[in-house]
Amino acid sequence: MSPQFVDFDADGHLDLLAGSFGGSPYIARGSAKGFGQPEDLRDGKGERLILNQYWDHEQEQWTQATTWNEPGQEPPEGQGTSVFAVDWDADGDLDVLLGDYMAGRIYLRLNEGSAREPRLTLFNVAIRSAGTPLVVPGKVATMRAVHWDADGLFDLLVGSVGKKGDGAVYLYRNIGKVGAPDFGAPLVLLAPAGAPLTNVSRPNHGLYPDLFDLDGDGDLDLLVGGSTDLNLPKRELSAAEKEHHLTQAKRRDAAKEELAALRAEIEAAVKDLPEEEATSRRKALQQEFAPRLRDCSRRSAMADFSLAPLTFERKSYHTVFVALNESGR
């Protein structure tokens, strides 16, 4: 969950940080040969980075603990499912933020080591706004450090999981100073839906945002991955809707059949080959057929989106949405 490519240990190779639903983050270290196997991201004593709830791999059960709570503080039970590395205190190395899936808080682990040899602190320190712990409405899905207003300070972009389909995207502007961040009230970039959705027009659950200049016009646009949950009440379709439903269903089914045929063609081509040769040949064919495979998937997805308001079983769509910045700044 919430992956980030970052040179965490300053060795010149990008590493991959990612949260997990099990309650602690992982790192896949990069090298000239690619990425290694994911391993637990650990603190200065070699312990996994954990909030209060985590999956114990040895006992194979969920475990509650307060071992890593900030001394003197009693944060609510939390499950850290997101992670982000940023130089929080401007000392030249990367620190770590942990997002709390359960209670919507964000916690800090400072790097007391160096850029080349990170050594993260042992306790979860809650990020504060105006002296009180910052609480994201709807629980934290993920967070990003972004430069929203070009004032030399990083701000926090946070997507919320959402309760009952009211996930949203918030921006917390940094009103502190370099090396000592502080945050004001959130600016709502994408408000909660507020009502059940009737089409796949936006995500409303599990929002994962980032900011980029997607259209090259010099300002930041919003990119949001997430789920759209629909559960429309059943009704009689009009004649036009029935015709549209039939047309789109045919387009979807044709795309799926073409996709299945392409995959079958690939498997037929490697059927009688030795395992190693089959793997190599399959990979080559998948690359050769990639434009056609993507086109089939795209046509099937577009037909599904068009059918969404006309079908009445509970369903979820998982996709990426773009909100362009039209402010001219």
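## Briefing: glutamine 4 and three helices

Glutamine 4 is part of strand β1, which covers residues 4–6. The model shown here is predicted. Its protein chain has three helices and 21 strands.

**Glutamine 4**

- Is glutamine 4 buried or exposed? Its relative accessibility is 9%, and buried means under 20%, so glutamine 4 counts as buried.
- The side chain of glutamine 4 reaches out to alanine 85. There it comes to 2.8 Å from the backbone nitrogen.
- Which residues does glutamine 4 contact, leaving aside its neighbours within four places in sequence? They are Asp15, Leu16, Leu17, Phe84 and Ala85.

**Helix α2 with helix α3**

- Helix α2 spans residues 275–288, and helix α3 spans residues 290–307.
- These two helices pack at an angle of about 60°. Their axes are 4 Å apart.
- From α2, the contact uses Gln286, Gln287 and Glu288. From α3, it uses Ala290, Pro291 and Leu293.
- Sorted by type, the residues of this α2–α3 contact are three nonpolar, two polar and one charged.

**Helix α1 with helix α3**

- Helix α1 runs over residues 239–270. It packs against α3 at an angle of about 155°, with the axes 8 Å apart.
- How do α1 and α3 run relative to each other, roughly parallel or roughly antiparallel? Angles over 145 degrees count as roughly antiparallel, so these two helices are roughly antiparallel to each other.
- The crossing of α1 past α3 is left-handed.
- On the α1 side, the residues that meet α3 include His244, His245, Gln248, Arg251, Arg252, Leu259 and Arg263.
- On the α3 side, the residues that meet α1 include Arg292, Leu293, Cys296, Arg299, Asp304 and Leu307.
- The residues of the α1–α3 contact divide into eight nonpolar, six polar and eight charged.
- Leu293 of α3 takes part in the contact with α2, and Leu293 also takes part in the contact with α1.

**The whole chain**

- The protein chain has 329 residues, and 43% of them count as buried.
- A box of roughly 65 × 55 × 45 Å, taken along the principal axes, is filled by the C-alpha atoms of the chain.
- What share of the contacts with a separation of 6 or more comes from residues 24 or more positions apart? In this protein chain, the share is 51%.

Terms used:
Residues are numbered from 1 along each chain as its sequence is written. This is a predicted model: local features need pLDDT of at least 70, side-chain atom pairs count only at pLDDT 80 or more; totals for chains, interfaces and linings use all residues. Side-chain values use heavy atoms; hydrogens and water are left out. Buried means under 20% relative accessible area, exposed over 50%, partly exposed in between (1.4 Å probe, protein chains only). A polar contact is a pair of N or O atoms within 3.5 Å; within protein, one must be able to donate a hydrogen and the other to accept it, and residues adjacent in sequence count only if both atoms are side-chain atoms. Contact means heavy atoms within 4.5 Å. Axes are lines fitted to C-alpha atoms, for helices over the stretch in contact, and angles run from 0 to 180 degrees between N-to-C directions. Ala, Val, Leu, Ile, Met, Phe, Trp, Tyr, Cys and Pro count as nonpolar, Asp, Glu, Lys and Arg as charged, and the others, Gly among them, as polar. Angles under 35 degrees count as roughly parallel, over 145 as roughly antiparallel, 65 to 115 as roughly perpendicular and the rest as oblique. A crossing is left-handed if the near helix is turned anticlockwise from the far one by less than a right angle, and right-handed if clockwise.
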